[in-house]
Amino acid sequence: MPIGVDEWVAQHTDRRDAGTGWRRVMYTAEARVGWWPRLAIAVLAGLVFGQLNLNSNIEQVAINALIYAMLSLGLNIAVGWAGQLDLGYVAFFGFGAYGYAVLSSGTTHWAAIVSIPIVFGAAAIFGAAVGLVSLRVSGDYLAIVTLFVGQAFMEVVNNVDTGKLGGVNGLFGLDPIHAFGAQITTPQGYFYFALVVLAVLMGLLHLLDTSRTGRAWRAVREDELAAEAMTIPTGALKIMAIGFAAAVGAVAGTVFAAQQDNVFPTNFTANILILIYACLVLGGAGSIAGAVLGGIVVTVGQQMVSSPADAGYLFYGLILLGLVAKVRPWRKLAAVLVGTVVLGLALNAIVGAIWPSATAGSPGSTGWIGHLVSNWVIVPKDAVGYGNVLYIALIVLVFALTRIREQWRAYLLVPTLYVAACCWESRLIVNPSITAQILIGAILIATMIARPQGLLGTMRVEVM
Amino acid sequence: MEGHAPLLELDGLGITFGGLRALTSLDLTVAGSEIVSIIGPNGAGKTTVFNAITGVYAPDEGDIRLAGESIAGRPIHKITDAGIARTFQSLRLFLNMTVRENVMAATYGATKATPLESMMRLPRARREAREVHALTEEVLSFFGERLAGYRWDQPAYSLSYANRRRLEIARALATRPKLLLLDEPAAGMNPNETLEVTEVIARLRDELSLAILVIEHDMHVVEGISDRVVALDHGVKVTEGSFDQVANHPAVVEAYMGRDPEALAEA
């Protein structure tokens, strides 16, 4: 059968995604594994991770990653599938946490097996009530209206019945998750618990995604009028989507509250909402695996950038990864790397010989990275002003890099990389909290340019 | 036919947008297995008729009856459930869903499994899923080679223009309609494809015994398929009858071509 235009167009996307060489091998191998085996592999990897007996700090990050994965997974129902821009979502996270706090502590002390389902159901109803708004407003307007729900939640827990909800002081001394006489007390236990809850949610949502409801949600996202004309009651489906999202968000809230042992109003601010959106968008809205991966990547990434030592690995690692992924052919890549190293060593030696005080400072990195770069980067004794100038130069260079012709790019890349390293060692690493924000921003920009559909999302077209 | 209500009956239908009378006391009937074409210049109100029938606009006056039962004022999806499916003039496919999913989505109203049943894959959900799959294959197969099997798992945006039009018809068929409304099915197609559309529309009537109301500008298509033609201008029915009667009606000629200058001079 001759190949038609449609086939060519469709296969073109496949071909582009598949790439060549080892990437093609990976791509075809990956395509052979079905959804359920993949979930099983991911859960297995999680179980193995839990067995590693890592320190409690890392375990806490892992639990947070799973909680954000759940949150992102829930948001995906409303935003990724049904296309409803629900900015009230963080209220349901808070609702779940406070729901657990009230039901499973203080005077009630209900078992988790009772309280979590109650919170789940109540959140679904609360979510559906908020979803009623979507009948009258859509798009940006829905976003503005639902944003108020998150704010209202904060005001309620801050001010209403401070005896029962704790007000600004929050609620503490919550019961650990307990049922049938057993209870979860260790971080490792919570890690496993969160892992199982997440896996169950992923499985159920996958079954829902491939059912009539999932299809109808996506149809509503694609074209509401056409969906309505094709027998889909769009109003009911939008309410359902926001309700389901709320319920999943609330489950994440119960795990969060039980593990943290306390809840505060500040745990559920608009900042958290933005972070959850970042997880979903980075991972790939519309994809279950993407939402989960986004939650993990953003949580772990945030943790890494806030510790100077890890931030160094992330900084140099991502630059190397970006170069390996983007600079072709291999000879050019090798030339850029060698050129950068040689440029640094030469400049360091020359400047050091002429003007010793200019290289008198030591790089901000410690450990083997610091050792490795100490004779390469130029760091003067008092590096603040110097670092600021380099930072501005770096911005100019990066901008120039995006504007110049392809054939000059490799040449400009060498000084850019060197300036980036010098700037990092002399200035950026010294202010970890500000640098963390810059780094997260840069990573988000780079990822969204490279993969606008998110890490595991599918490319979507708007109008063709 | 005595005692049988026609399948679709518009009775004195009037629609007003602010001060603009889009449709004025329009009477129109479509019988079972009949193909009726609506023609008229741009802005005559043809698509407004479709939007009124499918519930996008509620009629300001008059009534719309499907098999004798009034459907005016019902929600859009209920009207489709009742047996009226449509295609859109400016294609409105679910572009980022696969070809198969586009068709499957249109079976929502005919299936009943709740989300819980779907998640648990309970018997009803499984049975419905099988039925939906079978229906999808059947509906897509209606277009034979053109929407052949190996294209069904590609996103709809990868389809060519003509295939998007075909998919819109397939999607409408998946709602199991009694009456199909086609809004310019041949727009933007080349002569070969236009000929094919004409055949498809005739087959829809002959093989699936559908009644079809079609808006079309291409007079070859209108001539080829119509059992009856209705001409609209400025929201008013100018005339109706066989293609030859309508095409040669002075008011239709005037609406399309303007008045004979000599006649104007005399007037």
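Let me start with a definition: two strands pair if DSSP finds at least two bridges between them. Helices (H or I, at least four residues) and strands (E, at least two) are DSSP runs, numbered from the N terminus.

Hello everyone, a word on what we are looking at. This is a predicted model, where local features need pLDDT of at least 70, side-chain atom pairs count only at pLDDT 80 or more, and totals for chains, interfaces and linings use all residues. Residues are numbered from 1 along each chain as its sequence is written, while chains are lettered from A and ligands numbered from 1 in the order in which they are written.

Let's begin with the sheet in chain B. Four strands make up an open, antiparallel sheet, in the order E2-E1-E4-E5. Its edges are E2 (20–30) and E5 (69–70) of chain B, each pairing on one side only.

E1 (residues 8–17) and E4 (residues 61–66) of chain B run antiparallel and are joined by five bridges. Which residue stands opposite Glu9(B) in E4(B)? That is Arg65(B).

E4(B) and E5(B) pair over two bridges, in the antiparallel sense. These strands form a hairpin with two residues between them, and Ala67(B) in the turn has a positive phi of about 50°.

Now over to chain A, and a pair of helices. H14 (residues 288–306) and H20 (residues 432–450) of chain A pack at an angle of about 140°, their axes 8 Å apart. Here axes are lines fitted to C-alpha atoms, for helices over the stretch in contact, and angles run from 0 to 180 degrees between N-to-C directions. From H14(A), Gly301(A), Gln302(A), Val305(A) and Ser306(A) meet residues of H20(A) including Pro432(A) and Leu439(A). Contact means that C-beta atoms, placed from the backbone, lie within 7 Å.

Another helix to look at is H2(A). Of its 12 residues, the number buried is zero, so H2(A) lies largely in the open. Buried means 20 or more other C-beta atoms within 10 Å of a residue's own, with C-beta atoms placed from the backbone.

Finally, where do the chains meet? In total, 35 residues of chain B are in contact with 27 residues of chain A. On the chain B side, H2(B) gives the most, with four residues.

Conventions. Contact = placed C-beta atoms within 7 Å.
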